[in-house]
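Here is a short tour of a protein that may be new to you. Take a look at the sequence and the model first.

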Amino acid sequence: LKPLLYVTRTLPQVAQKRLEALTEVEVKQWTGSGTIPSDELNKAVNSADGLLCMLTEKIDSALISSAGKQLKVISTMSVGYDHIDVQAAKDRQIALGYTPDVLTDATADLTALLALSAARRAKEAIDAVRDGKWQKWDPTWLLGSQFTGKTLGMVGLGRIGSAVASRLKPFGFSRVLYHGSQPRPERAEPFNAQFTSFDGLLSESDVICICCSLNEKTRHMFNKEAFKKMKSTAILVNTARGPIVQQDDLVWALNEREIAAVGTDVTDPEPIDPKHPLVGHSRAIVFPHIGSATEETRNLMANMAIDNALAGILGKDLKAPIK
Ligand code: GLV
Ligand code: GLV
């Protein structure tokens, strides 16, 4: 009997073909529309030797403790793993895998896109053309801000954060500040980035990019108190996780002009209600969590997730283990 690999979604085409051709394991897969229902996920961990999941699955301690003894590995097709109770999996000696590095460029590209789009009021510009509000060229119309001589503030200077800084710095920022759980001299060096307190970062940055993981320290880090400390001209970009920002406080900050604009690829919850005031706000650009969504990157992520799952099932070291 071959070990069973359960996959919670249809994978991008190239990786899906590979999955279907695997011979060392039997593959079962949720191919229904949308995310896997929780009763199906429960059934899966009861019989599978390996689980390949998405960030949409809640892998909490209840699910992990209900898993059968045969479950050896949980491999998530994501770099973030705030949806997994890591300690619960460790306690059960279930190996955990994730997909760092392969999505760094795609996510950093999207972060730069949101920063520029928010600064140059892309949403208002597109809407104006669509709504027939474009008159003749006007010296005072749709004036945004530019990065020349400004200060970039990074919350998190990990793989993605430093890739964002290296993309944005050439747009003319004169200074890069960063805040995180610890100073990272080797990552800061290429931009001469200065490690700063959170308050210092808030008050001095013109553009703030959130590129850190969601945990109990970063949850609702951006709340009313934080927004009040930001420049009224500041731009906030979030391509990490929605709950790092208190979403209703963000709407308040936009309305009160505590900050100028936001570009976000993540919301709380996801999907956000289309009627939520953030969605319709003229100075908010909201993307549907597509940071890693390129053909190339999603196939690399899926392949890496397959590699991790196979290694775990066969009792080998994972390529990218969550430690
Ligand atoms: C996407 O958000 C990821 O964590 O991979
Ligand atoms: C985050 O997980 C990163 O890759 O920087």
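## Before you start

This is a predicted model, where local features need pLDDT of at least 70 and side-chain atom pairs count only at pLDDT 80 or more, while totals for chains, interfaces and linings use all residues. Residues are numbered from 1 along each chain as its sequence is written, and chains are lettered from A and ligands numbered from 1 in the order in which they are written.

## Two domains

The protein splits into domain 1 (4-102 + 295-313) and domain 2 (104-286), with bounds that come from an automatic or database domain assignment. Their C-alpha centres are 32 Å apart. Five residues from domain 1 and seven residues from domain 2 make the contact; two residues count as in contact if their C-beta atoms, placed from the backbone, lie within 7 Å.

## The sheet

Helices (H or I, at least four residues) and strands (E, at least two) are DSSP runs, numbered from the N terminus. Seven strands build an open sheet with parallel pairing, in the order β8-β7-β6-β9-β10-β11-β12. Strands pair if DSSP finds at least two bridges between them. At the edges sit β8 (194-195) and β12, each pairing on one side only. Elsewhere, β6 (residues 151-155) and β7 (residues 175-179) are joined in parallel by five bridges, with V155 partnered by H179 in β7.

Now for β11 (residues 261-264). Four bridges link this strand to β10 (residues 235-238), and three link it to β12 (residues 284-286). A261 is the bridge partner of I235, and G263 stands opposite I285 in β12. A261 and G263 point one way and V262 and T264 the other, and all are buried (20 or more other C-beta atoms within 10 Å of a residue's own, all placed from the backbone).

## Around the ligands

Which residues are around ligand 1? They are L55, S78, V79, G80, L103, G291 and S292, where near means a C-beta atom, placed from the backbone, within 6 Å. By class, that shell has three nonpolar, four polar and no charged residues. Nonpolar covers Ala, Val, Leu, Ile, Met, Phe, Trp, Tyr, Cys and Pro, charged covers Asp, Glu, Lys and Arg, and the others, Gly among them, are polar.

Ligand 2 has V79, P100, T104, G158, R159, I160, G161 and S213 around it. Helix α7 (residues 159-168) gives the most to this shell, with three residues.

Terms used:
Buried ≥ 20, exposed ≤ 12 C-beta atoms within 10 Å, placed from the backbone.
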